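Please keep the sequence and the coordinates at hand while reading.

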Amino acid sequence: MKMLNPGVVLSMNQLKETNHLHFSQKQKSKTKQISRWYLFLFLAFAFLLLAAPFHLFANQNQVSSTDYPNHQQLGQQLQALSRSHSALARVQSLAKTEGGKDIWLLTIGTGDIDNKPALAIVGGVMGDHLLGTELAMQFAGKILASSAEENVRNLLDSVSFYIFPDMSPDAREQYFRTPRYERLGNANPTDLDRDGRIGEDGYDDLNSDGLITMMRVKDPTGEWIKHPDDERVMVKARREKGEIGEYLLFSEGIDNDKDGQFNEDGEEGVFFNRNFTFKYPVFQRGAGEHAVSEVETRAIADFLYDAKNVFAVISFGEANNLTKPLSYSEREANARLHTGWKKEDIAINQKISHLYNKHLEGAAPEAKAGSDGDFFQWAYFHYGRFSFSTQGWQVPKPESAEKDEYNSAELSFLRWAEENQLENVFVPWTPVDHPDFPGRLVEVGGVAPFVMKNPPYQMVDAIAEKHTAFILDVARLRPQIDIVNLKTEKLGRDLTRVTLDVLNRGTFPTASETGELVRWMQKTVMQVNLGPDQAIISGKPVEVMGAIGGRSSEQRSWLIQGRGNVTIRVGAEASGFKEVTVNL
Amino acid sequence: MKRILIILAFFAFFKPAVAQEADGRAIGNFFKASGTPANPKVQISWNRYYTNEGLLDIYRQLERAHPNLVKLQSIGKSYEGKDLWLLTVTNHNNKPHQEKPAFWVDGNIHANEIQTAEVSVYTAWYLAENYGNNTFITQLLDDKVFYILPVMNPDGREYYMNQPNTTSSPRSGTMPLDDDGDGLKGEDGFDDLNGDGHITQMRRRNPYGNWRSDPNDPRRMVQAPPGEFGEWELLGWEGIDRDGDGRLNEDRDVGYYDHNRDWGWNWQPDYVQRGAYLYPFSLPETRAVRDFVLAHPNIAGSITHHNTGGMLLRGPGAAEDAKYYLPQDIRVYDALGELGERIIPGYDYLIVHKDLYTVYGGQIDWFHMMRGVFTFTSEMFSRYYLFNEKPQGWGWGFAEDYFTFDRYLLFEDAFVPWEDYDHPQFGKIQIGGFKKNYIRNNPGFLLEQELHRLTAFTLFHAYHTPKLEIVELTTNDLGGGLREVVAVVANTRLIPTHAGIDLQFNIERPNYISLEGANVLAGMRVIDRDLNVVEEQKVNPAVIEVDNIPGISTVTVKWIVEGRGTIAVKVDSAKGGVVILTEDE
């Protein structure tokens, strides 16, 4: 399929320009507009200096940059991190996508990494969410940079981190390609509109600016009008208030296959965040041939199912159960195909949400339920782990947009962008000749792609600081199995009663309630290893135990005949192991 | 229903005859039994089972003997790296098989259900040996192609045959898994204590037990009458508690997982659907089939063979999916299913979720609902065949008729006599019971008949995949240099080119009916030819897109063209094949 109409092919110079085009804050300060932002930053930094065990400027691994890194740069950053912290970090490619890109995994930890409680951190859940990748990367960079500090070092000795910075590399790369557009699908050729033809109607960069924006067509059958307060913004006419539509509105492009729809089947393929097994959105756009049909989804599912030690997954995507915890529905939680979180798991969600809001200090983006076939819900319902997701950031709503009767997100964004002096965030509407609308007024323009979903790169560091501190606090709440109150009672003639409590010192239970159901979530196993000439008179030599709640314990006792030492081992990869030796 | 069966009979038998194999006199040393080749090129005994190697030998013989009809390929590798052998059976000389409507057959997805491979091979063999001798078969292989995968789970087949097992184990392949959740894989499986290759029962004399020997057949255990003690206690399948967890055989050497819960429609995890593995097509065997099926959109019908119970099953596996079997498709299933009940006595035509149990992620659901393929599951062999009587209930393994049949027809070949054994945990016990090749697998002399009947059902199902014919091609001069071309395309079989769910979700591309040889100015689908109700296709009018050509029906298209010259109409249908008709001038 052709992305560019032959009439508007870009020159090499234009290509070069557009490749370097990025939105950024103006460098020179203008006191009035900026002071509020700087005050915010200052407060955020001040908080972090107090709250976090490391500080912003200790991060020497951060490649200094003015824009989000592309796939190649991301790979270089990962290699640099693993080189400079070879004792703590290891980078590997789990798979190559259809587009030839690596699915990177960065493992951080010490010692027997795969047998310690672990957190999985996942970015690139949405291909247009550059921030998610950056938050995962900066988390890695920041904890490695501060790994010399004792409390971070101690944490790294007892928790492992599996960091998947970019699960949608084919799609994310569209930010660095021409034309730039917000893309979710990978490079697997896909018939998105299910008409039997693959990729026959993609976007077309009609105004040759390297960006795919919107296209408005003056038309008395249209539903759209210009926003009365800002003519750049298109809003739906409120017919109940007597407003009359004047424009048709489409994404920028030509109806290449003449089916009456614009850009409905472009180059992009399957969406990472629509390709998982929980409530798989069969036959829906971007869902793929079937659940987990793609290299990307298989790579992470295969890895995680093997990673018995993961107790929670934190992903950066479209869902958000951190700003507000999910609510409990008895019906949904207990149905045969349960679609609601179990009661005890909601209680944990509440604790973690509280922690998130403490770190985000009012800048937490809005709560949002998961979507069918997404990663966030898969991680809880099918992988059985605690799953937390956030967008990381949203466009703050400035006061000047609060009274907007149309409640336009674009208007709000443009006001905020003005206050922060962001450049290159809007493409002015300009007329173009359009083959599908000969002789009609067709204008191309609108908010630039990516800028409403991703903050200017310069703002990311502060956001990453907060999220890093938050994740480290989550890690501190990990399940931790221990054996306490070990007691031996001699009953005479080499018969001993051994009693102990298995204690979970962590806040997280040893398994979520859903995890208890999942076959691939390792249960806590208690094993008694007898020496020669010893026998168990009562009690189980091997026991597969139910989950032990946060700060809860279970007592067990055995009658053992014989002399000498008996070892008792209890635990699971996700909550750690503890072994004691008992002298009979 | 009757009407459909009559139509079915009409199209089945009114065909021009081909040269028949001489059957009025002996051929060499043989005299033909009706319906079976007297002296086939490939001689196969249909009263025993074949190992993977034995089957491969048959495939190679078939390919050598019938090079224009049978082609062998491997479509992938199993977990252990064994080839997944597929036979493509058609007349390879008349047109590419990709352009013919196809029928998919598979067997042995479940390890222990071994006769399902033999029935698949019988189908291939019967087709190849009868081509050119039998009119129906000849026409069938000229029109259609069969993709036959006799063994989807070769690891399991071999493991079932060569390792100690019961009639029900294993269902899975040979990947070890942690079945009991203790962190170890396969640490407490069966133990073949008496070393006979069968896992049978363990019993112990106990005056306080609940079981007695049946006075009519002391091999058989019967429950003591209410209020009385028996003489035996039953201790379960042959085994030892190897890991000391107080349970027997709870984590077998090969893990419990089910290839038939690993498909891409309404997949659910193990805690909802026991046997599901990680996600759809997470097993190499099902993935290979998926790849092949996706690459062969001409597959329009299929059967997947299982045992046991004597059933022809259609989907859906879960009640909530019943809405995706649309009434027009159910009529087709019913016609075929009722024919199956007639030609395979002892079989019932049933619906999985309604008559059996709920299945999520099952194979037939993926075939029907995500590929729009009309699909049955067979469940071969049942207690019915012991004495051709409908039994009451299942009576699994201890029912009297299994013993009677074994005594009078198999001369006690199916039973391992009870013998003393010194068990490390239970002390003095006895081991005995039915062998693994009884109960579920057909006894030898009952095998060939069922292979044939089920093959016959398969062939009629395949026969009713779409057959498209251009039954009319008319041109009219409209004056002023314009001509009108009308083409009528018939589907002369029961199965439509697009199932209802296919139309609902655009699973497969539409049928393309195209005109070649003239400059097309306009094209349209004709809704009512008499009253001239048409639907114009404005874009690319030379290739008219038709959503569906239903079974036993026609569609009409019309073009307005300029210029002279010989025209040709081509019908290109994913499931209906490619047909071309050139106007004779």
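## Basis of the model

This is a predicted model, in which local features need pLDDT of at least 70 and side-chain atom pairs count only at pLDDT 80 or more, whereas totals for chains, interfaces and linings use all residues. Residues are numbered from 1 along each chain as its sequence is written, while chains are lettered from A and ligands numbered from 1 in the order in which they are written.

## Strand pairing in chain B

Strand β17 of chain B, residues 511-516, is joined to β20(B) by four bridges, and the two run antiparallel; strands, like helices, are DSSP runs numbered from the N terminus (E, at least two residues, for strands; H or I, at least four, for helices), and two strands pair if DSSP finds at least two bridges between them. Both belong to an open sheet of four strands in chain B, with the order β20-β17-β22-β23 and antiparallel pairing. Its edge strands, each pairing on one side only, are β20 (543-546) and β23 (577-582) of chain B. From one strand to the next the twist averages 15°, where axes are lines fitted to C-alpha atoms (for helices over the stretch in contact) and angles run from 0 to 180 degrees between N-to-C directions.

Elsewhere in chain B, strand β13 (residues 415-423) pairs with β14(B) in the antiparallel sense over seven bridges. A hairpin connects β13(B) to β14(B) through three residues, and B:His423 stands opposite B:Gly427 in β14(B).

## Confidence

The model scores ipTM 0.94 and pTM 0.92. For chain B the mean pLDDT (the predictor's confidence in each residue, from 0 to 100) is 94, with 95% of its residues reaching 70 or more. Residues 1-17 of chain B have pLDDT below 50, and this stretch has 17 contacts in the model beyond near neighbours in sequence, a contact being a pair of residues whose C-beta atoms, placed from the backbone, lie within 7 Å.

Chain A averages a pLDDT of 91, and 89% of the residues score at least 70. The pLDDT stays under 50 over residues 1-34 of chain A, for which the model has 58 contacts beyond four places in sequence, and also over residues 46-63 of chain A, with 35 such contacts.

## Domains and overall make-up

The domain bounds used here come from an automatic or database domain assignment. In chain A the assignment gives domain 1 (1-16 + 191-267 + 419-449), domain 2 (52-174 + 269-330 + 364-393 + 454-476) and domain 3 (481-583), and the C-alpha centres of domain 1 and domain 3 of chain A lie 65 Å apart. Chain B is divided into domain 1 (15-159 + 257-381 + 442-463), domain 2 (177-253 + 394-434) and domain 3 (468-582), with 66 Å between the C-alpha centres of domain 2 and domain 3 of chain B.

Chain A has 13 helices and 20 strands. Of its 584 residues, 45% count as buried, which requires 20 or more other C-beta atoms within 10 Å of a residue's own, whereas 12 or fewer make a residue exposed and counts in between make it partly exposed, with C-beta atoms placed from the backbone. Among contacts in chain A between residues at least 6 apart in sequence, 74% join residues at least 24 apart.

## Contact between the chains

The contact takes 25 residues from chain A and 25 residues from chain B. On the side of chain A that touches chain B, the elements giving two or more residues are α7 (295-306) and β17 (542-545) of chain A. By class, this side of chain A has 12 nonpolar, five polar and eight charged residues, where Ala, Val, Leu, Ile, Met, Phe, Trp, Tyr, Cys and Pro count as nonpolar, Asp, Glu, Lys and Arg as charged, and the others, Gly among them, as polar.

## Local backbone geometry

The peptide bond from B:Asn307 to B:Thr308 is cis, with omega near 25°, and B:Thr308 is found in the loop between β9 (299-307) and β10 (311-314) of chain B. A cis peptide bond also joins B:Gly315 and B:Pro316, with omega about 0°; B:Pro316 lies in the loop between β10 and α7 (327-343) of chain B.

Positive phi in a residue other than glycine occurs at A:Asp494, near 60°, in the loop between β13 (481-492) and β14 (495-504) of chain A. A:Asp494 counts as partly exposed because it has 15 C-beta neighbours inside 10 Å. B:Ile439, a residue other than glycine, has a positive phi near 75° and lies in the loop between β14 (427-434) and α12 (447-463) of chain B. B:Ile439 counts as buried because it has 20 C-beta neighbours inside 10 Å.

Methods:
Contact = placed C-beta atoms within 7 Å.
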